[in-house]
Amino acid sequence: MSTPATDQYFPGLEGVIACETSICSLEGRGEGGLAFRGYSIEDLAESVSYMEAAYLLLHGELPNSGQLISFESRIKSARPVPEALIQLLHAIPPSVHPMDVLRTSVSVLAHYDPDNGAVSTDHAANVRKAERLIAQMATAVAYRERIERNQPLVPPRDDLDHAANFLNMINGGEPSETKRSAFDKSLVLYAEHELNASTFSGRVTVSTLSDIYSGIVSAVGTLKGPLHGGANEEAWKVLEQVGAPEHAEEWIASALARKERIMGFGHRVYKHGDPRARILKRYCTKIAAEIGDDRWERIAEPIEREVTQQKQLPPNVDWPSARLYHYLGLDIRLYTPIFAMARVAGWASHIIEQLDHNRLMRPRGQYIGAPPREIVPLAKRV
Ligand code: CMC
């Protein structure tokens, strides 16, 4: 038996290197960077669509125009979901959170995947499954939202890109170019983030040689928590509760005095600022100007100032994304499922990388329980 390095316990696995990866690094321009396969997030957000970013993550290089056309066409043709899933989306009780519905949907989609019989390490089959997941998770989220609202389903449209098609399926109308582009950028920013908790859980799941769908189910369940993806939904609640710029100072001070966490602030790795938050904030300002209502920008500003001053915690990506999704007319319950439908590109890339170079993930625990002892017979136990 190998000896655990008990003197090297890192609570929350902070700073622990759990695997090698070629997908993403948290180094980039200056402190607190982010790069997908060597391209900085600033350049990616400026220059590529979500489809290009997803291709880059899955296939290792940015696509040329022919590769992009065929990738998008594969995604578009995979958008319709099986009738059995549509029936299930109607059958699940209305109160169920969309993240739970999405977790179930991914599980159901596995049964209908044409590559379902492939072995879990079949790289080509896994890439095909990943492409279907990118297409179908978006459809499942949009369909369930329309069902929740008692509105007819809006089928996917081949003439719209990933971002516009999703917004059209949700709202039954095409978004303005500013809104489409801002939503697309948010998907790029959410697409991948190294060994975050959900990606790690997906990699752990498939390290047993389980399949990619099981890995994505684990990842969706992990993302749901408010310390991770669930924070964008919670961040919106902070804005609503503060309600006006002049309430920010007192609201933050009393929340911190109650030892509450301010959702949308702080990060395990980015102690001096999340580059994604800086980029997305610019899109929030742009859209607020387009719709002629900067109320939430004016409320967000003093909250950012107070949390930074009182707790030295900068905003993370979930802080501006909550406002952005509000401007796009999206219900708060959709915020975390949108994170998931973007992050699936990163999850799938990591899961495939894990399966391509697998070793079972099996760490050790540092035992702090009772010392060795004798079992007292049942009749004599007090
Ligand atoms: N508000 C108030 N206090 C905080 C916050 C916060 N947002 N974040 C950390 N702290 C405090 C925490 O209470 C603790 O204080 P003390 O030492 O007095 O007990 C200290 O900072 C360290 O906390 P930690 O949980 O050990 O630190 P961490 O580096 O593991 O935290 C975090 C990372 C993301 C879990 C945390 O910052 C947090 O809970 N933030 C709010 C939730 C959130 O916005 N999550 C989204 C993360 S980024 C995108 C994503 O993954 O979705």
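Asn150 lies in the loop that joins helix H6 (123–148) to helix H7 (162–171), where helices are DSSP runs of H or I with at least four residues, strands are DSSP runs of E with at least two, and both are numbered from the N terminus. The model is a predicted one, in which local features need pLDDT of at least 70 and side-chain atom pairs count only at pLDDT 80 or more, while totals for chains, interfaces and linings use all residues. Residues are numbered from 1 along each chain as its sequence is written, and side-chain values use heavy atoms, with hydrogens and water left out.

The phi angle of Asn150 is near 55 degrees, a positive value in a residue other than glycine. Most residues other than glycine have a negative phi. Asn150 is also exposed, with a relative accessible area of 72%; here exposed means over 50%, buried under 20%, and partly exposed in between, using a 1.4 Å probe and protein chains only.

A positive phi, near 55 degrees, is found for Leu13 too, a residue in the segment before S1. Leu13 counts as partly exposed because its relative accessibility is 47%. Val16, which is placed in the segment before strand S1 (24–25), is likewise partly exposed, at 38%.

Which residues touch the most other members of the largest nonpolar core? Among the 110 residues of this core, they are Tyr50, Met137, Phe166, Phe183, Ile216, Ile303 and Leu330, a nonpolar core being a set of buried Ala, Val, Leu, Ile, Met, Phe, Trp, Tyr and Cys residues joined through side-chain atoms within 4.5 Å. Helix H16 (residues 335–356) gives the most to this core, with 13 residues. The core draws at least three residues from each of domain 1 (24–175 + 195–226 + 341–356) and domain 2 (231–327), with bounds that come from an automatic or database domain assignment.

Phe183, one of those core residues, is in contact (heavy atoms within 4.5 Å) with Ala163, Phe166, Leu167, Tyr325, Leu328, Leu330, Ile338 and Met341, when its neighbours within four places in sequence are left aside. Ser186 is found in helix H8 (residues 177–190), and Ser186 counts as buried because its relative accessibility is 0%. Not counting residues up to four places away in sequence, Ser186 touches Leu280, Leu324 and Tyr325.
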